[in-house]
Amino acid sequence: MDNWVAQKKGETKLDKFVIHGGHRLTGEIEVSGAKNAAVALIPAVLLSDEPCVLENVPDISDVSISLQIMSEMGATVEYLTKTTVRISAAGLTNYCVPYESARKMRASYYFLGALLGRYGKARVSMPGGCPLGDRPIDQHLKAFAALGAKCNIEHGMVDLVADQLTGNQIYLDVVSVGATMNAMLAAVRAKGLTVIENAAKEPHIVDLANFLNSMGAEIMGAGTDVIKIRGVERLHGAVYSVIPDQIEAGTFMIAAAATKGDVLVTNVIPKHLEPITSKMRKIGVNIEEFDDSVRVWVDGPLVRTNVKTMPHPGFPTDMQPQITTLLTLAEGTSIITEGVWEQRFRYVDELRRMGADISVDGKVAVVEGTGKLTGAPVKACDLRAGAALIVAGLAAHGVTEIEDIYHIERGYANLDAKLRQIGADIQKVSDPAIPAKLKEAL
Ligand SMILES: CC(=O)N[C@H]1[C@@H](OP(=O)(O)OP(=O)(O)OC[C@H]2O[C@@H](n3ccc(=O)[nH]c3=O)[C@H](O)[C@@H]2O)O[C@H](CO)[C@@H](O)[C@@H]1O
Ligand SMILES: C=C(OP(=O)(O)O)C(=O)O
């Protein structure tokens with residue numbers, strides 16, 4: 001068995017969530033910092049040899065892995081509070097991220113752009129991440145090549161080298177979050193002007209640009225599809241707070257609606273939630289927006305709607321499994337079209353075990369709302385699949401046991417404790433079927 005799986009088995013893979021469903025969620029729940037921003041901001045610190053302090057950093061395994069990679073490269077990492085971390089990349093000794101680290105998460109690809117920007121070279125293993133179908137990195141490599149880097153992939157390692165990075169026009173053939181952010185990381189210290197066209201517009205793109213600008217970079221247009229970057233010679237340290245997690249917030253909103261509850265979701269940027277909010281309102285969910293919180297409640301029937309996932313500002317693919325789950329509880333037939341990933345309906349088999357009536361044909365799912373789910377033993381096959389099963393378990397009659405929760409812990413901080421605060425009956429338990437000795441051996 002490979003080390004990573006063994007390590008995860010020792011830590012969490014054998015743990016599961018046990019949910020006694022059917023409790024109406026009420027009260028306040030706080031959202032943590034955004035995974036998809038934090039995992040880019042951490043490698044971005046490499047671009048300066050002065051320390052940076054990141055606040056509102058979520059306590060999730062993707063962040064621990066990113067910080068572990070930073071330490072392995074010679075950076076010093078120190079937690080000042082539970083969510084504030086000081087990172088200094090002054091004493092960097094290494095420009096290589098090996099297979100064992102990179103394969104644990106998708107966002108390890110950001111070390112390519114950051115190391116290339118810092119050293120003019122990088123050696124990083126091909127990334128891991130959620131199994132959602134084909135996940136190529138050709139657009140990342142196209143961007144690095146446009147800036148003057150030579151790229152070679154051998155034995156699963158991506159090698160980049162450039163004598164001098166020089167600004168250039170980069171047209172992305174597909175709208176890619178990762179390629180947009182990687183192009184920004186590599187271009188901030190390149191000579192001259194870089195223009196990224198057909199750029200992604202997600203809130204985490206803007207967050208990375210804001211962080212880099214606070215370090216002295218000159219990035220304009222983040223959040224639109226044309227980003228301009230004027231290269232600077234050096235970046236300095238900064239203190240910066242990660243934006244709230246739009247997907248964690250959306251998951252809590254769906255959980256509130258699925259249990260016909262009344263929940264105030266705090267520490268959010270309501271503007272970032274608009275694609276989710278507007279779809280949920282169509283389903284019959286009441287949502288009131290405040291400056292940095294949203295109240296979500298249901299006082300009538302949930303009704304069918306169609307959903308198509310798209311890059312921002314479209315409906316986010318990372319919310320697709322959760323909203324599909326909500327629609328199993330609504331009246332009528334809904335059609336869900338996945339517009340980003342080839343295979344993001346693998347969780348449907350597990351929902352069917354809970355009584356959902358969903359048929360899938362390629363990238364389209366047809367949901368017949370049955371209005372009811374029943375608890376069952378199920379397995380999380382990826383992060384948001386796991387989130388969907390949590391929502392289903394909270395709404396279902398009876399007991400749901402969710403295995404493989406290490407996927408969920410990649411992206412949700414203290415999920416069980418947070419949900420208990422709003423009345424959920426959810427416990428994280430070690431699987432008693434696995435004797436302790438065997439667990440140690442794994
Ligand atoms: C760590 C992180 O931020 N992960 C998010 C990021 O993933 P990630 O950055 O991997 O997703 P991308 O936006 O790059 O992918 C979007 C689409 O572009 C394609 N593509 C991408 C890159 C490339 O070089 N070539 C190519 O063809 C992909 O196969 C996919 O169909 O954005 C996704 C889309 O919002 C989210 O689901 C992930 O949660
Ligand atoms: C797909 C996701 O993550 P990653 O790209 O890190 O695998 C996600 O956050 O839903």
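Modeller: Domain bounds come from an automatic or database domain assignment. This is a predicted model, in which local features need pLDDT of at least 70 and side-chain atom pairs count only at pLDDT 80 or more, while totals for chains, interfaces and linings use all residues. Residues are numbered from 1 along each chain as its sequence is written, and chains are lettered from A and ligands numbered from 1 in the order in which they are written.

Biologist: How many residues of domain 1 and of domain 2 are in contact?

Modeller: Two residues are in contact if their C-beta atoms, placed from the backbone, lie within 7 Å. The count is 21 residues of domain 1 with 20 residues of domain 2.

Biologist: Where does ligand 1 lie relative to the domains?

Modeller: A residue belongs to the shell around a ligand if its C-beta atom, placed from the backbone, lies within 6 Å of it. Of the 21 residues around ligand 1, Asn36, Gln139, Ser176, Val177 and Gly178 come nearest. Helices H2 (35-44), H6 (138-146) and H7 (177-187) each give two or more residues to this shell; helices are DSSP runs of H or I with at least four residues, numbered from the N terminus. Because domain 1 and domain 2 both give residues to the shell, ligand 1 lies between them.

Biologist: How many nonpolar, polar and charged residues does the shell around ligand 2 have?

Modeller: The shell consists of Met105, Arg106, Ala107, Gly129, Cys130, Leu132, Asp318, Leu383, Arg384 and Gly411. Ala, Val, Leu, Ile, Met, Phe, Trp, Tyr, Cys and Pro count as nonpolar, Asp, Glu, Lys and Arg as charged, and the others, Gly among them, as polar. Both domains give residues to this shell, so ligand 2 lies between them. By class it has five nonpolar, two polar and three charged residues.

Biologist: Is H2 roughly parallel or roughly antiparallel to H5?

Modeller: The axes of H2 and H5 (residues 110-119) come within 9 Å and cross at roughly 25°; axes are lines fitted to C-alpha atoms over the stretch in contact, with angles from 0 to 180 degrees between N-to-C directions. Angles under 35 degrees count as roughly parallel and over 145 as roughly antiparallel, with 65 to 115 roughly perpendicular and the rest oblique. H2 is therefore roughly parallel.

Biologist: Which residues of H5 does H2 meet?

Modeller: The contact of H2 with H5 has seven nonpolar, no polar and no charged residues. From H2 come Val39, Ala40, Pro43 and Ala44, which meet Tyr110, Phe111 and Ala114.
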